[in-house]
Amino acid sequence: MPRRFAIHSRRGAYIALFILTVLWGMNWMAMKFGLRYAHAAVYNVDRVLVAVAFLFAVMRWEGRPFWPRSWIAVIVTGFFQTTINFSATTMALEGGGAGRTSVLVFTMPFWTMLIAWPVLHERVRGTQWLAVAFALAGLVIVVEPWHWDGELAPKLWATLSGFGWAAGTVATKYYQRRYQLDMLNLITWQMAAGVIPLVLIPLVFSMPGAQWNVVYVSAVIYAGVIATAIGFILWTAVLGVLPAGTASLNIFAIPVIAIVSSMLVFGERITATEWIGIASIGIGLVILSVRALRDGGRGQNDSVQVPAIETG
């Protein structure tokens, strides 16, 4: 956690968590605006490079060690967390609505449980299976894989984003156990490594550059600096005070903010069937969070934690 941004009280942590939830929820709308003036691949590179530059500046300001302790941790987490997760999110947003995209991306806790079982040996138990069942049912209902036209591709991209986010989370936890890494250093370097393949895409396919204007610059700065870089700093500060299970309850409000703002600003409409799927995913998240709160009260470690990297 950045030392200069430490939070020392539960009240301060809840205030920071509220601010963070609003910032992440509104980021989906900011990215949708940005994609009006650039291809998803181009916008993705711009926002990640801005986030990396800001985080390197924070590392320098705090006098942190510059080079990473483990390059393998940087490469693996960067591939899943930045290359897969960030690129899939923007591809989903380019072809689909921000509201339903955010819901599918936030299936991440369920993928995390399933991946953590063989990698971290954190077994899925009891009510967690019920949560997974609700989530998978909701995922199928929202994606509607039996309809091979319309918005299937954006939904698959969004699902891939949630999977990449989960894989990056598990990889981060695995390497943190093994090497006791400085988290700010790891997140900064994994973004720097993960953006390299993304930089090559616009070059190889000769994509046109972004239309630089006030709206696009604002969208890049918001997503890169405020939502991603500052969002990470706030999240690690919150986790220094609140249990992960309690803090991760903000996951419920983020898709809600994204859905409401998308309906108001972009006129996005969600079908009755999709609402059923969204509700099913929400029930699964409630079950997970209740279990996390219960286990946290008993002094147990949460098997599913939501990191700050994915902000949309």
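F80 counts as partly exposed because its relative accessibility is 26%, and F79, at 41%, is partly exposed too. Here buried means under 20% relative accessible area, exposed over 50%, and partly exposed in between (1.4 Å probe, protein chains only). The model is predicted: local features need pLDDT of at least 70, side-chain atom pairs count only at pLDDT 80 or more, and totals for chains, interfaces and linings use all residues. Residues are numbered from 1 along each chain as its sequence is written, and side-chain values use heavy atoms, leaving out hydrogens and water.

The whole structure holds 13 aromatic pairs. Rings of Phe, Tyr and Trp (its six-membered ring) pair if their centres lie within 6.5 Å; planes under 30 degrees apart are stacked, over 60 edge-to-face, and the rest tilted. F66 and W189 make an edge-to-face pair, 5.4 Å centre to centre with 80° between the planes. F66 lies in the loop between α2 (40-62) and α3 (71-95) and W189 in helix α8, so this pair ties together parts 123 residues apart in sequence. Helices (H or I, at least four residues) are DSSP runs, numbered from the N terminus. W189 counts as buried because its relative accessibility is 11%, while F66, at 42%, is partly exposed. Ring pairs link F56, F66, W67, W71 and W189 into a cluster.

Next comes the interior. A nonpolar core is a set of buried Ala, Val, Leu, Ile, Met, Phe, Trp, Tyr and Cys residues joined through side-chain atoms within 4.5 Å. The largest has 59 residues, of which W28, Y43, F110 and Y216 touch the most other members. A second, separate core of 24 residues includes V74, V195, A229 and F232.

Conventions. Helices (H or I, at least four residues) and strands (E, at least two) are DSSP runs, numbered from the N terminus.
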